[in-house]
Amino acid sequence: MKPDRSIATQIVDLIQAEAMPVGQHLPAQMLADKLRISRSPVNEALALLHEKGVVVREPNRGYFLAQPVPASSVTAAQELGLDETDIVTSTYFRIADDLLRGQLPEEFSEQLIRTRYGLTTTQLNAVLGRIREEGWAERKPGYGWQFSSMLTTPDSLIQTYRLRLALEPAALLEPGYKLDAKVLERLRAAELHLLDGGIETDTAYQLHERGVRFHESLVEASGNPFFVDTMRRVTRVRRLLSYRSMQDRARYKPHANQHLEILELLARERNEEASAMLYAHLRHTIDAIGKIAGILEP
C-alpha cells in the first residue's frame, strides 16, 4: 500500500506550525495524537518523508527532522513531491466550504460524497475519518452520516470563544503555573514567523494550528487536567468555522503582536498582567469575528 501523501503533508504543516528545529524528535505517537489519527499511517508517512530526506531515522530512536522545511506549504509540497496526489486534503476543504455555503444536506450517504467529489474508497474513508475525528460529522446509527448543525453558524464560533474567555485567563493564575522555557521560545518563534510574512503565505491549516498550539500550550502550563481537556474539546469544535474565518487575515498581525506581549509577561512571571492581556486579546477576537460574520454565514 502506498503511503498517504496527505498525512505526510499534514506532518510537514505541523513541523511548520510549531517551528520545529532541525534535530527535533518526531515520535509517531506524538504526531498521531496531534493529527488525531492512528500510528500506522503516520509511520508510513514518516517513511515517505525519510525517502524525501525531510527526516532521518536513527536505529532504536525513531525519526528526527533532518532539514529545514520551506515556510510556504505550497512550496514544501511541490519541492517534496507531495502535492500531486494530495486529494484527501483538497477534498476535505472542498467539503468544508460546500457545507458552510449550504450546498450539502445535513444528512448524507457515503455514496453522495464519493460521487460528488470523485473519490476512491480509500480516499473516501480518509476524508470522512478526518472529518469525524475533528468532530463536525458523525456516523448515524444504522446507515449514513450527519453533519453537526451547531458548528455551522457565526454564533457557534463566538460561543466557543466566550467559553475560552472564562477558561484561559484563569489557567494562567493556577497555583504552580509554569511555562517551560523551550515551549515559550518555540511559541515566540512561531509568532515572529507570522510577522515575517507567514500571515500571507501560510495555509488555513497552518494558521489554525499555530493559534491552537499557542493557546493550548498556555493552558497546558497550568498543570490542571480539567482545564486542558476542556480546551482540547473546544479546539476540535471550532476548527471548521476557524478555517472559514481565515479568509480575512488582516486581524492576524495585531494578534501575533498580542501573543508576543503575553509571552513576554509570562517569561517575567507577571502572570496577573498576562492573564488580563489574554482576556483583552480574546475579547478583541470576539469583536473581530463579529465584524466578519458575513464570511461565516452559509
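**Note on the predicted single-chain model**

1. The secondary structure of the chain comes to 14 helices and five strands, where helices (H or I, at least four residues) and strands (E, at least two) are DSSP runs numbered from the N terminus. This is a predicted model, in which local features need pLDDT of at least 70 and side-chain atom pairs count only at pLDDT 80 or more, while totals for chains, interfaces and linings use all residues. Residues are numbered from 1 along each chain as its sequence is written, and side-chain values use heavy atoms, with hydrogens and water left out.

2. Of the 298 residues in the chain, 50% are buried. Buried means under 20% relative accessible area, exposed means over 50%, and partly exposed lies in between (1.4 Å probe, protein chains only). Among contacts in the chain between residues at least 6 apart in sequence, 72% join residues at least 24 apart; a contact means heavy atoms within 4.5 Å.

3. There are two aromatic pairs in the structure. Rings of Phe, Tyr and Trp (its six-membered ring) pair if their centres lie within 6.5 Å, and planes under 30 degrees apart count as stacked, over 60 as edge-to-face and the rest as tilted. F108 and W145 form a stacked pair, because their ring centres are 6.3 Å apart and their planes are at 20°. F108 lies in strand β3 (residues 107–108) and W145 in strand β5 (residues 145–147), so this pair ties together parts that are 37 residues apart in sequence. Both F108 and W145 are buried. Ring pairs link F108, W145 and F147 into a cluster.

4. The charged end of R57 sits over the ring of Y63, 6.0 Å from its centre. For this term, NZ of Lys or CZ of Arg must be within 6 Å of the ring centre and within 35 degrees of the ring normal.

5. Two packed helices are described by the angle between their axes and the distance between the axes. Here axes are lines fitted to C-alpha atoms, for helices over the stretch in contact, and angles run from 0 to 180 degrees between N-to-C directions. The axes of helix α5 (residues 87–100) and helix α7 (residues 121–133) come within 9 Å and cross at roughly 55°. α5 and α7 are therefore oblique to each other; angles under 35 degrees count as roughly parallel, over 145 as roughly antiparallel, 65 to 115 as roughly perpendicular and the rest as oblique. On the α5 side, residues including V88, Y92 and I95 take part in the meeting with α7, whose residues there include A126, V127 and I131.

6. Helix α5 also packs with helix α6 (residues 110–117), at an angle of about 110° and with their axes 12 Å apart. That makes α5 roughly perpendicular to α6. T91, R94, I95 and D98 in α5 meet I113, R116 and Y117 in α6.

7. Is R188 buried or exposed? R188 is buried, with a relative accessible area of 18%, and its place is in helix α9 (residues 181–201). Leaving aside neighbours within four places in sequence, R188 is in contact with L260, L263, E264 and A267.

8. Two loop residues deserve a look. N60 is not a glycine but has a positive phi of about 65°. N60 lies in the loop between β1 (55–58) and β2 (62–65) and counts as exposed at 83% relative accessibility. E269, not a glycine either, has a positive phi of about 60°. E269 is in the loop between α12 (252–267) and α13 (271–291), and at 60% relative accessibility E269 counts as exposed.
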